[in-house]
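Please consult the sequence and the coordinates alongside the text.

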Amino acid sequence: MTKWLWAIAIAGLLTTGCGVSKNKPIYDQRSTQNFHVEEQDLTADSSARNDKMDTEPLASPRSMDSPLVAGTPPTSAQPEAASTALTPKPSPKPSPKKAASHPESSKKPSVPVQKNQGQARISQKKLTLSQLVVKYPDTFKVRGSAQEKKVALTFDDGPDTRFTPKVLDALKASQVKATFFVLGSLANAHPDMIRRIVNEGHVIGNHSYSHANLPKLTVDKFQSQIMSTESVLQGLIGYAPKLIRPPYGAINEEQVRWIADHHYLIVNWNVDSLDWKSLNSDQVLNNIMQQTKPGSIILQHSGGADSQDLSGTVQAIGPLISKLKAAGYTFVTVPELLHVAKGK
């Protein structure tokens, strides 16, 4: 009997002790499971970020770290992204050292390349006539010295048999010498008129052979326009003119350099009579008087198209000379105004 009681008591104690010890492992297991889940999330997130850095070396730090910077909690989609990032990849990852150097090597050339392209665009930009005058002051002239109250009359597009003789008559009557920029084709057609210009004390300049727009020509054709005219004139007047006036006043930098290399001088103007518009004498006179200053080079014409009427130019010469002389001006040729030789 006693043995049975002891057996029952011992069984009860054993049962109670097992129940107490059983509760603690359940609590500890739950805490351990939660710790491992959090640790796995952090590890996965870290692995995913490292994978992203390895495979996307050009990504900006802000784009990679934006969830951390913003302080936003992980979303339900993040564990899936983490588990995907943990999946082994067949292709080998680049080494961190190589990946780190890649962004620098890809970015460094971009700055100097863009800079060089910008410099190329600047160097290829075409200069205006005003800029060419400033850049080539010894080769490109538009006026004389403002310190001397002298002016030069110039006449373009001759010679012809309609207006050139009348211009010469008006200049002779006023005893003024001028500068004539003539076309090689017309000089060849009217050699006697060229000889008269020179015999009466005027200066001859080269105005191209056929009044071509020089910047639109090839190098060979441009040079031919100048050299062909020079050949005609040298045979008529005994010297190769140093002075060149491009038709329309138009010329480009390459042509200016060629002219400088061959010891010519470009002469444009700073006073335009606009007589090529077939203006009357009063209009021509007013245009010139309003613009003329000491050192001025005055543009007029002694020839032109059949449709042009230069009667206003001829009629304005006498009154113009009288008015400017009364104002204290002296009339000289372009070589005298610029203090250069008339021939090369």
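Helices (H or I, at least four residues) and strands (E, at least two) are DSSP runs, numbered from the N terminus. The model is predicted: local features need pLDDT of at least 70, side-chain atom pairs count only at pLDDT 80 or more, and totals for chains, interfaces and linings use all residues. Residues are numbered from 1 along each chain as its sequence is written, and side-chain values use heavy atoms, with hydrogens and water left out.

**Confidence**

- The mean pLDDT (the predictor's confidence in each residue, from 0 to 100) of the protein chain is 78, and 64% of the residues reach at least 70.
- Strand 3 (residues 179-182) has the highest confidence, at 99, whereas helix 2 (residues 61-70) has the lowest, at a mean of 34.
- Residues 13-89 remain under 50 in pLDDT, and the model gives them 25 contacts (heavy atoms within 4.5 Å) beyond four places in sequence.
- The stretch 96-123 is also below 50, with six contacts in the model beyond near neighbours in sequence.

**Strands 3 and 4**

- Strand 3 and strand 4 pair in the parallel sense over four bridges; pairing requires that DSSP find at least two bridges between two strands.
- Across this pairing, phenylalanine 180 is opposite isoleucine 204 of strand 4.
- In strand 4 (residues 203-206), Val203 and Gly205 point one way, Ile204 and Asn206 point the other way, and all are buried; buried means under 20% relative accessible area, exposed over 50%, and partly exposed in between (1.4 Å probe, protein chains only).

**Helix 7**

- The buried residues of helix 7 (residues 164-174) are Thr164, Pro165, Val167, Leu168, Ala170, Leu171 and Ser174.
- These buried residues pack against strand 2 (150-158), strand 3, helix 9 (191-199), strand 8 and helix 13.
- Glutamine 175 follows helix 7 and has a positive phi, near 55°.

**Glutamine 308**

- The loop between strand 8 (297-301) and helix 13 (311-326) contains glutamine 308.
- With a relative accessible area of 18%, glutamine 308 counts as buried.
- Not counting residues up to four places away in sequence, glutamine 308 touches Arg162, Phe163, Trp276, Ser278 and Gly303.
- A polar atom of the glutamine 308 side chain lies 2.8 Å from the backbone nitrogen of alanine 305.

**Helix 12 and glutamine 291**

- Glutamine 291 belongs to helix 12 (residues 281-291).
- Glutamine 291 is partly exposed, because its relative accessible area is 31%.
- A polar atom of the glutamine 291 side chain is 2.8 Å from the backbone oxygen of asparagine 287.
- Residues touched by glutamine 291, apart from those up to four places away in sequence, are Asn270, Val271, Asp272 and Ser296.
- Asparagine 270 is 21 residues from glutamine 291 along the chain, and their C-alpha atoms are separated by 8.1 Å.

**Helix 13**

- The 16 residues of helix 13 should span 22 Å at 1.5 Å a residue, which agrees with the 24 Å between its end C-alpha atoms; the expected span is 1.5 Å times one less than the number of residues.
- Helix 13 has a kink of about 35° at isoleucine 317, shortly before proline 319; the bend at a residue is the angle between axes fitted to the seven residues ending there and the seven starting there.
- Gly312, Thr313, Val314, Ala316, Ile317, Leu320, Ile321 and Leu324 are the buried residues of helix 13.
- Their cover includes strand 2, helix 7, helix 12, strand 8 and strand 9 (330-331).
- After helix 13 comes glycine 328, with a positive phi near 95°.

Key. Polar contact = N/O pair within 3.5 Å; in protein donor to acceptor, adjacent residues only side chain to side chain.
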